[in-house]
Amino acid sequence: MTSSVLDVQGLFAGYDRTPILKDVSLSVAPGERHVLIGPNGAGKTTFFRALSGELLPSAGRIVFEGKDVTKLDGFRRVRAGMGRSFQVARIFADMTPLENVAVALEAGEVSNGRAGWRLATAPKDSLRREAEIILADLGLAAAGDEPASALSHGDKKRLELAMMLALKPRLLLLDEPTAGMASSDRMAAVRLVERIVKERGATLILTEHDMDVVFQLGTRISVLHYGEIVTTDTPEGVRANAFVREIYLGRGGHHA
Amino acid sequence: MSRSHATRFLVILVILTAAALLLPFAANRGLVFLAGVIAINVVLGLAFNLLFSTAGLLSFGQATFSASGAYAAALLLLRAPEVPFLAVLVIAAATGAAIAFAIGFVALRRTEGVYFAVLTLAFAELVHVIIAKTSFFGRNDGLTGIQRPRIGPLDLAQGNAYYVFVILVTALLIAVLWWVTHSRLGRSFRAVRLDPMRAAFLGIDVRRRQLEAFAISGACAATAGALMGPLTSIVSPDLAHWGESTKPILFTLLGGAGHFWGPLVGAIVFSAVEYGTRSLAGASDLITGGLLLAVVLAIPGGLLGLATLGVRRLQARPAAPSEAALPLAPAASKGETL
Amino acid sequence: MLADLPTLLFNTLIWGMATFLVAAGLTMIFGILHVLNFSHGGFFMIGAYVAHSLANWSSAMANIWGFLLASVITAAVIGAVGLVVDRAIFRRLAHVDGAYVLVATYALLLVCNGVVKLIWGLNVVSASPPPELFDVSFLGNLVLPHYSIFVIVAGLAVFLALEWLINMTSVGRLIQAIAIDPWMARLLGINVGLIYSATVIIGFALAGLAGGLLVANQSLSPDLAGIFIIQAFGVVIVGGMGSIRGAFLASLLLGLADSFGTALLPQMPGLFFFVALAAILLIRPRGLIASGRLS
């Protein structure tokens, strides 16, 4: 049990006492790239919100790196080493891309208690350089006074990823990282995520609609159906699973 | 780039302070007194705008903080004259911060714009009732006979000494507020305002940041309020009335919420309008209300927003995302209903 | 010394129903337009002054029917003002950030205060109720002024009328549909703008009606708006923002706190209203009925 990065046991969660997730259990091993799939309304988003701490579960346990985080708010889970992106990229639209990453780096320093007192108002030079490196690594320009709101859709997603990476999370939660992208951008995004996860040795949990992305990126797949995990298996195993074919691939076709 | 930013701020602050300090050579006693009141009001406006435009919190209860500072200082000056005045100001600041913290602790359970505003208003009225009904605070009559204090060998009752002191302290408070707004702390306040959810998932403790913003604003407003008693020689429950809470809002919106100096411009322009129409007794509500309504409906960027826009037009540059659009941002950003 | 229980409960009802009368229109407008209208207190106050003037110029206060008629006329006058305010101000604020809308309605409240000071002056004036309501009945130790009974009955009647309007009529169903999802309502071909205007007019008319009915409940001064709007805001917040039923319950609950608190600590009238407000919000931050829609 302790060898897994994330352990979810008997999780119930929902809104206004209507449970959406029913008795969900899941174990994610280090370095795994775990994809949650399921038809619309299966509870992917709810599960995601419960994992990240946006929604507190009504029952069950979530253990991250051996530490019980069930009752922790989102920001405390981030401090513990979890990172999260959103379906629609959330960035600070009025700030420049560099400021966005600088805020993330500063937040990281404050969380670690390494921030110290500082009279100068500008971010530390070391943080600024680090932000520039992260931005460059993700193919974003660090220069310019243009606010982040002027970025293209794909660049906003990459900026959000940059902010997340600034905190050096050991577990990445990506909510539909390719949502709203053209198919050419999609594969580029997948390669980027794949590279980053490998370079950093992080563990990845993501939800995804696009089956190409799911099978390209995933090393393990869990299928959610009516708030329950129907199966957790390798991509090949999921492909071969008759029940999954019936509820998922059989009905809605390729893009359920 | 940001070093020049700081330099520019300091140059403006020094010019403004010098102008205020030279005023007694050019104006009569009445105008100098008014300038002292305006200086205090500028700080109240800037303290409000730290909450509004930087942290994204609409406080309708700022009078609580300025009044708590005013009463703390007045009580100490009257009952414990042995306490040095600079210590009195520090105690007043601490009182304001503590009350802001207590109110924020409850009110920040509902941070969505309107709810928070009304909760701060309700608590401000609670404080108003307590001040106006407690004999310790002099009930409705307030506390009178507040003398201008000494600071070591300096007697602030002499000539314009107290006015000079007020200008120097307010300049210091303005510098503190500028620093907070532009520092790492201010950046995290802005992050919380722009998208509380994103901020939380960067590990920022959103509620704590909001409480800090509230306490800093409260401390600055209370220090400015503490200067009021010795200036006017009286503090009364009117200082805690909700009408007082709306003045900083008016200054900020009139001058331009998206600019650091907006509340300063607003406070000066409003005082000029009020001074110019002082003979129209009873019409002050009508003027204040009409002005505020006109600003919100016609120039939501305030006077500085309008000026910036005008300068941009003259320079005929391609329209950059204007700073004038900023004031609409506080809660219009995604985070509002989260 | 604690006064006897029946008197305290009677005071609860008076406070609760008087506040509910003011809060009803505020709740309506908040429930549909999501505008927390500061100026509601101002138009309530203007309503009270209009009713007072009607009583002075005519024999409106000669009997209870004249009094009721004067209140209805006041409601119509303030409702008409609502139409103007909706056209001139609310519609322009449709796409403005909530903080600015709140400040705009506050500015409007200041304008109301200014208008009252200019037209009716700064002096405190008061009106007596019509003779039928001037009497007092006794029930054991309990003193029951007829006018207070009238206020309680009026509050109940307005509550029942609004419940009927919202839940039993077709207009009410349209209003509810818009409160829940204006976009969907528009898609279904409902004239949302018209319903918005109607809501504002009804809300303002309720403010005017409250002003008329409560004209003899207290002395009139330019402070009246501030006192009542804060109580009404408290009721709307505790009630769950936009729920008529919630506002009704909250009126009674806060009335209870006010009447018992004032009996416990007579030197600080009004204090316990705020204490109860804070306490309730600490326990239930979303209010009593957290529906977010008109119900």
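Predicted model: local features only at pLDDT ≥ 70, side-chain atom pairs only at ≥ 80, totals over all residues.
Let's start with how the chains meet. Two pairs of chains are in contact, and chains B and C share the most contacts. Chains A and C, on the other hand, have no contact joining them, and their closest C-alpha atoms lie 11 Å apart.

Asp195(B) forms a salt bridge with Arg90(A), with the closest N and O atoms 2.5 Å apart. This pair joins two chains, because Asp195(B) lies in the loop between helix 7 (184–194) and helix 8 (196–200) of chain B, while Arg90(A) lies in the loop between strand 6 (82–84) and helix 3 (97–112) of chain A. Are the two partners buried or exposed? Asp195(B) has 0% relative accessibility, so it counts as buried. Arg90(A) comes out at 13%, so it counts as buried too, the cut-off being under 20%.

The general idea is simple enough: side chains of opposite charge can pair when their charged atoms come close. Within chain A, the side chains of Arg114(A) and Glu109(A) meet in a salt bridge at 3.9 Å, N to O. Here the partners sit in contrasting surroundings. Arg114(A) is exposed, because its relative accessibility is 54% and exposed means over 50%. Glu109(A) has 10% relative accessibility and so counts as buried.

Over in chain B, Lys247(B) and Glu244(B) make a salt bridge at 3.3 Å, N to O. Why are these two about one helical turn apart? Because they are three residues apart in helix 10 (residues 242–255) of chain B. Lys247(B), at 26% relative accessibility, counts as partly exposed, and Glu244(B), at 28%, counts as partly exposed as well. Salt bridges can also share partners, as they do in joining Arg33(A), Glu194(A) and Lys198(A) into one network.

Stay with helix 10 of chain B for a moment, as its packing is worth a look. Helix 10 of chain B packs with helix 11 (residues 262–276) of chain B at an angle of about 105°, their axes being 6 Å apart. That angle makes the two helices roughly perpendicular. On the helix 10 side of chain B, the residues involved are Leu250(B), Phe251(B), Thr252(B), Leu254(B) and Gly255(B), and among those they meet in helix 11 of chain B are Gly262(B), Pro263(B), Val265(B) and Phe270(B).

Helix 10 of chain B also crosses helix 2 (residues 29–54) of chain B, at roughly 80°, and their axes come within 8 Å. This pair of helices is roughly perpendicular too. From helix 2 of chain B, the contact includes Asn41(B), Leu44(B), Phe48(B) and Phe52(B); from helix 10 of chain B, the residues include Pro248(B), Ile249(B) and Leu253(B). Phe251(B) and Thr252(B) of helix 10 turn up in this contact, and they also take part in the one with helix 11 of chain B.

Now on to chain C and its own helix 2. What end-to-end span should the 19 residues of helix 2 (residues 39–57) of chain C have? At 1.5 Å a residue they should span 27 Å, and the end C-alpha atoms are 27 Å apart, so the two agree. Helix 2 of chain C is mostly covered, with 16 of its 19 residues buried. Elsewhere in chain C, Ser148(C) is found in helix 5 (residues 146–168). Ser148(C) has a relative accessible area of 11%, so it is buried. Leaving aside neighbours within four places in sequence, Ser148(C) is in contact with Phe10(C) and Ile14(C).

Back in chain A, Val213(A) is found in helix 7 (residues 211–217). With 1% relative accessibility, Val213(A) counts as buried. Not counting residues up to four places away in sequence, Val213(A) touches residues including Thr178(A), Met187(A), Val190(A) and Glu208(A). Val213(A) and Arg129(A) are 84 residues apart in sequence and 33 Å apart in space, C-alpha to C-alpha.

Finally, the cysteines. A disulfide is a covalent bond between the sulfur atoms of two cysteines. How many disulfides are there over all chains? The count comes to zero. Two of the cysteines are tucked away: Cys220(B) is buried at 4% relative accessibility, and Cys112(C) is buried with a relative accessible area of 3%.

Definitions and conventions:
Residues numbered from 1 in each chain as written. Chains lettered and ligands numbered in written order. Heavy atoms only, no water. Helix = DSSP H or I, 4+ residues; strand = E, 2+ residues; numbered from the N terminus. Expected span 1.5 Å × (residues − 1). Buried < 20%, exposed > 50% of the residue type's maximum accessible area, 1.4 Å probe, protein only. Disulfide = S-S within 2.5 Å. Salt bridge = Lys/Arg side-chain N within 4 Å of Asp/Glu carboxyl O. Axes fitted to C-alpha atoms, helices over the stretch in contact; angles between N-to-C directions. Parallel < 35°, antiparallel > 145°, perpendicular 65-115°, else oblique. Contact = heavy atoms within 4.5 Å.
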